[in-house]
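Dear colleague,

I am handing over the structure below, followed by some notes on what I found in it. Please read them alongside the coordinates.

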Amino acid sequence: MSNLYLAAISYGISVFALVLLTVRVRTLLAIYKKGAADPTRGNDKGTRLRMALREIFGHTKMFNFTVVGFAHWFVMVGFVVLFGTLVTAYGQMLNPRFALPLIGHLWIYEYITELIAWATGIGIVTLIGIRQVTRLRNKRSRFYGSGMAKAYYVEFTILLIVFCVIALRGLEGALSDETAWNRHFVTTWFIADMFKSWTLAQLTSTIQLVAAIKIVGSMAWFIVIASNLTMGVAWHRFLAPFNIFYRRNADGKSSLGPLPEMLSHGEVVNFEDPKDDDVFGLGTRADITWKGLLDMTSCTECGRCQSQCPAWHTEKPLSPKLLIMAMRDHAFAKTVETEAMVGENAAITSDILWSCTSCGACVNECPVDIEHIDHIVNMRRYQVMVESDFPAELGGTFRNLEQSGNPWGANKNDREAWIAECDFPIKVVEGVLPDEVEYLFWVGCAGAYDERARKTTKAVAELLYMAGVEFAVLGKKETCTGDPARRAGNEFLYQIMAAENIETFKEVFADRPKGKKKVVVTCPHCFTTIGRDYAQSGFELEMVHHTQLLNQLIREKKLLPVKMSHTAMTYHDPCYLGRHNEIYQPPREILEATGAQLTEMPRNKERSFCCGAGGGRMWMEEKIGTRINLNRVDEAIGTGAQELAVACPFCRVMTTDGMSSRESSMEVLDVAQVLLRSVKG
C-alpha cells in the first residue's frame, strides 16, 4: 500500500509541476512578446542553427577554461541523456523491472547512461569545488553578488539525481538474473553485488522509493524554477540555446566591433526625419527589446564577465553581471512600464552606467552570448539624447566635436602641422585620390593633435615612404569619425559626423572599384568606426591597421629590419584592435622581426586588460576607485621589460600617463616606432 502512496505522490507532484511550468513558460513568452521589436535577429536561420549547435555542443567559450569546460560539458550532456532515466523511474513506480522499450536493455544504452551519470556527478562536484575555492580566495570574485542559495539548490538537485540514477542501476542489477559482473552493469555491478542478498520485496520497495525520490526531486526543481523566472542559474538550461541562436551575428562572430543601429519600433531611426513616436535608446522597462529580455533571463550569474571587467577590478560600481541582474530584476518586477531604468533610485545608477570603457571583455567571456555593451550604450543614448543627463566633461567633448571636428577642440588648421615635421614629401589629397596612390592614410584626431600619437603618425608615414608605398592624407578635410560620440551615447552627433566623412570618402575615392578603396589607420577606434560602423550606412572601405600593413611589408621584404635590438619588451593589446577586431599577431610578428625579446603580460590577447580610455572615458575624469591605466602599467612593469609597445594612440596616452604616475623608467613606444628604429639601423 505504501508503494501506491509513493506512486500517487510522484504522479501528483508531476502533474502539478508540469501544469505550473506550462503556465509560467506562457507567462515568460508573454513578457518577451511585450519587449520592443528587434527584427535583426531572424536572418539566416540555417546559418544560425549550425552556429548554435557548434557553440553549444562544442562549448567553444567554456573550453577557454579547460577543467570547468569539461565539467560543465558533462553536466549539460547529463541533463539531456539522463532524461531517459526519469521516464524509467515513472515506470518503476508501478513495475520495478520496467525498462524503456527497445533500448532499455541494450547494453550500450545502459553503459552510456552509467558513464554520463558518473561524469555528471564528478563534473558537478568539480564545479562546486571551484566555486568554493574561488569565493574563499577573493571576496570580489566572479561569484560576488550571484544568488548563492539558488546555485546551491541547483547543484544539490543534480547531485541527488546522479545519486538516484547510480543507485537505481545497482538495484536493477541486484534484481536481475545476472550473477556476475557483465556488460549490462559495467560500472554499477559492485552496488548490485552489495544488494544481491536482499529479498525480492526489499529490492522492489527500495527501487520504488529511490525512483520516487528521483521524480519528486526533479519535479520540485521544476516547481522552484517555475516560481522564479529570474533564476537564471536554472533557466539557462532552456534559454541559453535560444540566446545563442539569436545572437547579433548569425555566423557566430563576436557581438563586438560596431555598435548596432538604433532601433525604434523595430525600425532603424531616421535621424534626418525622425518620427514623432520614435524611442531614442533604452530609458524604461518598455524599451527593452525581446532579445534584451532573453539576454537577462539567460544570465547564469557565473560572473565570467565580472572577472574580466576593468571597472570592477578597479573598485568601480560597474559589474557587467550585476548590471544584467539589476536590469532583469527591474524588468520582471511589478513596476510601471514607464519607471526610469537609470537614475539615483533606479535599477542602474549613473556611476554604474558611465564606468564602462566598452572594452568588450564581458561580451567576449560570456558563455551564453549576452550583449552587455549594447544595453549599456542604449541606456547612454537615452540619457544623452532624451534626459540630457551625462557627465559634465562630455558636454565639452560634444561641443568640441560639433565645433572643431575633434574631441580636444583643437584648431582644424593644425591637422596638417605634423607634415611640416617630416623630411620627406607627404601628399595631401585635393579632390579625387590620384590613381597611383594605393592607400589613403587616415591620421585621426589623436594622430594629428596629440604630441605622443604624432610620433606614431610620423613613424608610419616614414616607413610607408621607405617601402615605396604610395599614400596620401586628407589633411584639413579630416574630421573625427564620431567614435567618442557614439560610444558615449550621442548617436545623433555620430550620425552627423559619419555622414560628413562618408561624403568625403565618396569624393576622394570617386569611381574606384571595390578592393581599391584602401584606408590605413593607426587608431583601432577609427579602424572600427570607419570600417564597420560606417558599413551600416551602406558604405564599405578596405580598412587596414598600420600593424597589419607594416607586417605585410616586412614579409614582402620592402621593409628590412637591420638593427636587432634584443630589448626586453612587453606588448599591450588594445581592446579595439584585439577583442573588437581579433587582430593579435601582426604587432607581435613585427616586434619579433626587430629582435625584441617579447615577454607577455599575464593578461594578454583576448584577455588583455583595458587602458581605460574607451567608451568615451578618455574625456571623463576617473573619480571612483583606482585608475584603470595604473592597474595595467603595474602589470607591464611587473614583467621586468624595458619598453612597453602599443598599437593605439589612446592606449599610448593612458599607459604613458600611468608610467609617469608610477615614476617608472619603462618607455612606451608604438610598434611602428620600434620597427622604424630597427629599419633605420
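The structure holds 26 aromatic pairs, where rings of Phe, Tyr and Trp (its six-membered ring) pair if their centres lie within 6.5 Å, and planes under 30 degrees apart count as stacked, over 60 as edge-to-face and the rest as tilted. The rings of Phe 245 and Tyr 246 are edge-to-face, because their planes stand at 85 degrees with the centres 4.8 Å apart. Trp 442 and Phe 505 form a tilted pair, with 5.4 Å from centre to centre and 40 degrees between the planes. Since Trp 442 belongs to strand E4 (residues 439-442) and Phe 505 to helix H21 (residues 491-509), this pair ties together parts that are 63 residues apart in sequence; helices (H or I, at least four residues) and strands (E, at least two) are DSSP runs, numbered from the N terminus.

This is a predicted model, in which local features need pLDDT of at least 70 and side-chain atom pairs count only at pLDDT 80 or more, whereas totals for chains, interfaces and linings use all residues. Residues are numbered from 1 along each chain as its sequence is written, and side-chain values use heavy atoms, with hydrogens and water left out.

As for burial (buried means under 20% relative accessible area, exposed over 50%, partly exposed in between, with a 1.4 Å probe and protein chains only), Phe 245 is buried at 14%, while Tyr 246 is partly exposed at 23%. Trp 442 and Phe 505 are both buried.

Finally, one aromatic cluster is formed by Phe 79, Trp 221, Phe 222, Trp 235 and Phe 238.

Best regards
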